[in-house]
Amino acid sequence: MANQLGSLMQSIKSKVRSLKKSRKPYVKMDKSSSIKVEIRSRQARKLIDKTLKVADRPGERSVA
């Protein structure tokens, strides 16, 4: 029983190793100009929201 379990573990390990080796590295794509614009507009929107929150409470200096 222990011998069968050991051989099963060895076969599983070898299959896992072969799967790891056969995996091709992916090519990271650059962000397109539309994605860059979207990211900048989100950042700008967050900054505007933060500024408006501060402007709505003139007595406090920081945003909670």
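A search of the whole structure finds two salt bridges, a salt bridge being a side-chain nitrogen of Lys or Arg within 4 Å of a carboxyl oxygen of Asp or Glu. The model is a predicted one, in which local features need pLDDT of at least 70 and side-chain atom pairs count only at pLDDT 80 or more, while totals for chains, interfaces and linings use all residues. Residues are numbered from 1 along each chain as its sequence is written, and side-chain values use heavy atoms, with hydrogens and water left out.

**The whole chain**

Begin with the protein chain in a cartoon view, where there are two helices and zero strands; helices (H or I, at least four residues) and strands (E, at least two) are DSSP runs, numbered from the N terminus. Switching to a surface view, the accessible surface of the chain comes to about 6700 Å², of which 59% belongs to carbon and sulfur atoms, as given by the Shrake-Rupley method with a 1.4 Å probe, where for residues only the protein chains shown count as cover. Of the 64 residues, 0% count as buried, where buried means under 20% relative accessible area, exposed over 50%, and partly exposed in between (1.4 Å probe, protein chains only).

Next select Glu38 and Arg42, which form a salt bridge whose closest N and O atoms are 3.2 Å apart. These two residues are four apart in helix H2 (residues 33–56), so about one helical turn separates them. Glu38 is partly exposed at 38% relative accessible area, whereas Arg42 is exposed at 53%.

Then select Asp49 and Arg45, the partners in a salt bridge with closest N and O atoms 3.1 Å apart. Both lie in helix H2, four residues apart, about one turn of the helix. Asp49 is partly exposed, with 34% relative accessibility, and Arg45 is also partly exposed, with 44%.

**Surface patches**

Patches are made of residues with over 30% relative accessible area and no salt bridge, with like charges joined within 9 Å and nonpolar side chains (Val, Leu, Ile, Met, Phe, Trp, Tyr) within 5 Å. Select Leu5, Leu8, Met9, Ile12 and Val16 to show a nonpolar surface patch that has about 430 Å² of accessible area together. Within this selection, Ile12 belongs to helix H1 (residues 2–22) and is partly exposed at 41% relative accessibility.

Finish with Lys28, Lys31, Lys36 and Arg40, which gather in a surface patch of positive charge; Lys and Arg count as positive and Asp and Glu as negative, while His and the chain ends are not counted. The place of a charge is taken as NZ of Lys, CZ of Arg, CG of Asp or CD of Glu. Lys36 sits in helix H2 and is partly exposed, with a relative accessible area of 43%.
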